[in-house]
Amino acid sequence: MTTHVAGAARVRGNDYRSLEPLPEDLVPELTVSVVVPAYGGQDKLDLALAGLAGQTYPAELIEVIVVDNGSAPPLRLPAVRPELTRLIVCGTPGRANARNAGLAAATGDVIHWLDSDVVLTPGAIEAHMRWHHAAPYLVVTGYIRFTDAEPPGELPDDLEGYFEPAAPHAWIVDLVERTGGLTDNPQRPFSLHVGGATSVNARLVEAAGPMDDELVLGQDTEMGYRLGQAGAVFVPEPSARAYHLGPTMRMRGKQPIDRVSHAFVADRIPAYRWLRGHPGRQWKVPYVTVVVDGTAGYDQVRATVDALLAGTVPDLSVLVLGPWDTLDRDRRAPLHDPGLDLVLVQGHYRHEGRVRLSATESVDPAVPFVLRLPPGWVPGEDSLARLLDLARDEGLGLVNVLLHESSQGVAAARLERASAFARARIVLAPGEDLDDAVDSVSGVTWVEGETYGFTTEAGALLGRRGAYRARLEAQAEAARLAKEAERLRAQVAKWRDEAGRWRKSTVELRREVGTLRRQVAAAERVQRSLRGLVSSTMKRALRKGLRD
């Protein structure tokens, strides 16, 4: 459960620019626990602890917990280290287990994850903590640079001079740059949560839960996702710089690492839509949970639930609320059972994998969206998908759907973004309506149910078989149209050939007409010459006759 913090500053979306980090001239108050899981690598651990010993943040506010994850020989604490440093042992292998052990021992207001081969620059923790004084729900990540320099025997005073040139954490830099510093409605800001140099408010970690020790890889990203669901705002801080001693495992083999990671995180991070391309399978954490009152009558409940299951969003679960544990079926006269409709709903959906019957509303906090839909209202095939697109594209925390309005009141559905409601609960002022707090941190809108395809009439459900048939019909129609287009292209080619022949004939006819015109002109000239000759001969003959 997310902890309420009275008077907490409010951030809309992930636009942390409205916050004012603690000014440098004010005295900090928050404590920080730096959790350093380690397995071997004593030389690099010594350098990481020396870097922590040189921090500008007050030493009395920093505790360091080194977790030896079964190293042989065991790790030891070097002479150069922060004063408040402890070494504990976690015998269960795995970085997630080691971090969770350190988390359980931490007492700070802020948890700072630090890998044992990362050296912080002197002002790094101070840069983190200035942000955490501004709001109690932040995740701050510093900028790591990867150096190929040989680890020195002791930490040099000039870190930049020794470790540079070094390569930036390229994909984080790219993510930050193309999203305006993660302020332009980024869809997956939680990707910023990397374990090498990230700090998190301890109450936020408590709300999200510890790292998932079932994951082989990808624990940082999965925890970042749950932190986002708990209301986190993710802040990149360029001045919190660090050097990673050598490349990461992912840098040495991105494709095989992603192959293993994606196989597990697809089940747990619904925001990774591209990993959920299967058209019908179920996932551990669905993209949306729909809450329906199961006591409204069998026919109404079935019309709503069946339409949801047949829609274009298969990545969902339906929570049907009702007193299912109290049902006492009368098997001798079932038609006279006063709870018959509840019995029918229970019997109809008991074995449907995407439907859960529950007496209380218990939605997994990792589910990104919750739709509350009155029974009897039937969504169209694409209604839910369109609402989800609206909420995602505009970064909305709540979409109210007006279904019906009368003198008796308003019937409405609600699509809630879980992360927005979690943050709203953190900043909620006494007496303030929760929806108003959601509006301040994410945005609220109303839409017409009819516009989005909601009705009270249950139509024929196409489902997968209907979609299959429609696809076959579409493919057949496409083939027919392709054949017709081919026929028309052949006809056009024929017409083009015919037109070419006509153009050629026209040219030849024009030439013949020109020849004939010239011949006629020549004949006319001959005829005129003959007429002139005849006329002259007749005139001479006439004059001679007159003289005789």
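## Getting to know the chain

Student: Among contacts in the chain between residues at least 6 apart in sequence, what share joins residues at least 24 apart?

Tutor: Happy to start there, with a contact meaning heavy atoms within 4.5 Å. Count the contacts between residues at least 6 apart in sequence, then ask which of them join residues at least 24 apart; the share is 74%.

Student: What should I know about the model itself?

Tutor: This is a predicted model, in which local features need pLDDT of at least 70, side-chain atom pairs count only at pLDDT 80 or more, and totals for chains, interfaces and linings use all residues. Residues are numbered from 1 along each chain as its sequence is written, and side-chain values use heavy atoms, leaving out hydrogens and water.

Student: How many helices and strands are there, and why is the chain called more spread out than a compact globule?

Tutor: The chain holds 15 helices and 16 strands; helices (H or I, at least four residues) and strands (E, at least two) are DSSP runs, numbered from the N terminus. The globule rule, 2.2 Å times the number of residues to the power 0.38, is compared with a radius of gyration taken over C-alpha atoms. For 548 residues the rule gives 24 Å, so the chain is more spread out than a compact globule, because its radius of gyration is well over that, at 39 Å.

Student: What part of the 548 residues is buried?

Tutor: Buried means under 20% relative accessible area, exposed over 50%, and partly exposed in between (1.4 Å probe, protein chains only). Of the 548 residues in the chain, the buried part is 45%.

Student: How many salt bridges does a search of the whole structure find?

Tutor: Side chains of opposite charge can pair when their charged atoms come close. A salt bridge here is a side-chain nitrogen of Lys or Arg within 4 Å of a carboxyl oxygen of Asp or Glu. Searching the whole structure gives a count of 28.

Student: Which parts does the salt bridge of R145 with E164 tie together, and how far apart are they in sequence?

Tutor: The closest N and O atoms of R145 and E164 are 2.8 Å apart. R145 sits in strand 6 (residues 138-147) and E164 in the loop between helix 4 (159-163) and strand 7 (166-168), so the pair ties together parts whose separation in sequence is 19 residues.

Student: Are R276 and D315 buried or exposed?

Tutor: These two side chains form a salt bridge at 2.7 Å, N to O. R276 lies in the loop between helix 9 (254-265) and strand 10 (288-293), and D315 in the loop between helix 10 (298-309) and strand 11 (316-321), so the bridge ties together parts 39 residues apart in sequence. R276 has a relative accessibility of 7%, and D315 also has 7%. Under the cut-off for burial, R276 is buried and D315 is buried.

Student: Where do R480 and E477 lie?

Tutor: Their side chains meet in a salt bridge of 2.7 Å, N to O. R480 is partly exposed at 45%, and E477 is partly exposed at 35%. The two are 3 residues apart, about one turn, and both lie in helix 15 (residues 463-547).

Student: Which residues does A359 touch, not counting those up to four places away in sequence?

Tutor: A359 is in the loop between strand 12 (355-358) and strand 13 (369-372), and is exposed at 54% relative accessibility. L321 is 38 residues from A359 in sequence, yet their C-alpha atoms are 5.4 Å apart. The residues that A359 touches are G322 and W324.
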